Amino acid sequence: MNKLLPLLLLGLLSLPAAAQSTLPEIPPVGSQPAVPLSTSAPTLPDTNNMAARAVRSMEGVSAILQIPRTVGTEFSISLTLKNGQLSPMNFSAGRDSDQNCAAVPSIRVLQVGTREVVYPTGDKRICTQEMVERTAAAGGSATFERTLKLPAGEYMVEGWFQGFAGEPEQTAKISAQPVRISVK
C-alpha cells in the first residue's frame, strides 16, 4: 500500500482541471466532530448470569472445609468462612443446578488414585431460586453445611464458597484446602 500511495497521488495531480473539480473537498483534520464507527448500542454483559460476572477472591477472608476423615456413605460437610476484615460481612448464595440444587458449599469429589470426578455427576436440575445467607462479624466466621452421599472408597473433596459477599454485594469465590476422606 505504501508503494501505491505516491502513484495514486501522482495520478490525482495529473488529472485535468475539470476532473479535479468534481472530487469532493476533504476538510482539514480536526475541523469536524469525530463520527462514531458504530451506531448500534453497545452490548452490555448479562448481569443476571453469575457466570458472566467477574468473580473475585475477597481479601482477608479464608475458607476451611471440615469433614471427618472417616465417614459413612452419607455424611455432613461444613465450610467455614473466616472474616479477617474490620467490619461484618454478608455472604449469600443461591442453589446451584450443577450441585444437585445445594447452595453452599460447592464441592467436587475425586476418587483417589484416578482423575475420575465422582461428584458432581454432570446431571443438571432445575432448582428453586431461594438464597442462603449468613453474616460473619468482624473477625468472626460464618458456616455453611450440606450432606453428601458417596459409595465406599477413598476420595479427595474440594470445597469452596461461590456467591455474593461484602458491601456492596460482589460476586466472590473463596476456596478451601481439599480434604482426603475414607468412606466406609
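**View 1. Strands β1 and β3 pair in the antiparallel sense.** Six bridges join β1 (residues 61-66) to β3. Strands here are DSSP runs of E, at least two residues long, numbered from the N terminus. Two strands pair if DSSP finds at least two bridges between them. Val 61 has Asn 83 of β3 as its bridge partner. The model is predicted: local features need pLDDT of at least 70, side-chain atom pairs count only at pLDDT 80 or more, and totals for chains, interfaces and linings use all residues. Residues are numbered from 1 along each chain as its sequence is written, and side-chain values use heavy atoms, with hydrogens and water left out.

**View 2. Strand β3 also pairs with β8.** Strand β8 covers residues 141-149 and runs antiparallel to β3, with nine bridges between them. Ser 76 has Thr 147 of β8 as its bridge partner.

**View 3. Three strands form an open sheet.** The order is β1-β3-β8, and the pairing is antiparallel. Strands β1 and β8 are the edges, each pairing on one side only. From one strand to the next, the twist averages 20 degrees. For this angle, axes are lines fitted to C-alpha atoms, and angles run from 0 to 180 degrees between N-to-C directions. Strand β3 spans residues 74-83; seven of its 10 residues are buried, so the rest of the structure largely encloses it. Buried means under 20% relative accessible area (1.4 Å probe, protein chains only).

**View 4. Phe 91 and Phe 161 form an edge-to-face pair.** The structure holds two aromatic pairs. Rings of Phe, Tyr and Trp (its six-membered ring) pair if their centres lie within 6.5 Å; planes under 30 degrees apart count as stacked, over 60 as edge-to-face and the rest as tilted. The centres of Phe 91 and Phe 161 are 5.5 Å apart, with the planes at 80 degrees. Phe 91 lies in β4 (residues 89-94) and Phe 161 in β9 (residues 153-165), 70 residues apart. Phe 91 is buried at 1% relative accessibility. Phe 161 is buried at 0%.

**View 5. Phe 144 and Phe 161 form a tilted pair.** Their centres are 5.7 Å apart, with 35 degrees between the planes. Phe 144 is in β8 and Phe 161 in β9, so the pair ties together parts 17 residues apart in sequence. Both residues are buried. Ring pairs link Phe 91, Phe 144 and Phe 161 into a cluster.

**View 6. Lys 173 lies over the face of Trp 160.** The distance to the ring centre is 5.0 Å. A charge sits over a ring if NZ of Lys or CZ of Arg is within 6 Å of the ring centre and within 35 degrees of the ring normal.

Conventions: Buried means under 20% relative accessible area, exposed over 50%, partly exposed in between (1.4 Å probe, protein chains only). Helices (H or I, at least four residues) and strands (E, at least two) are DSSP runs, numbered from the N terminus.
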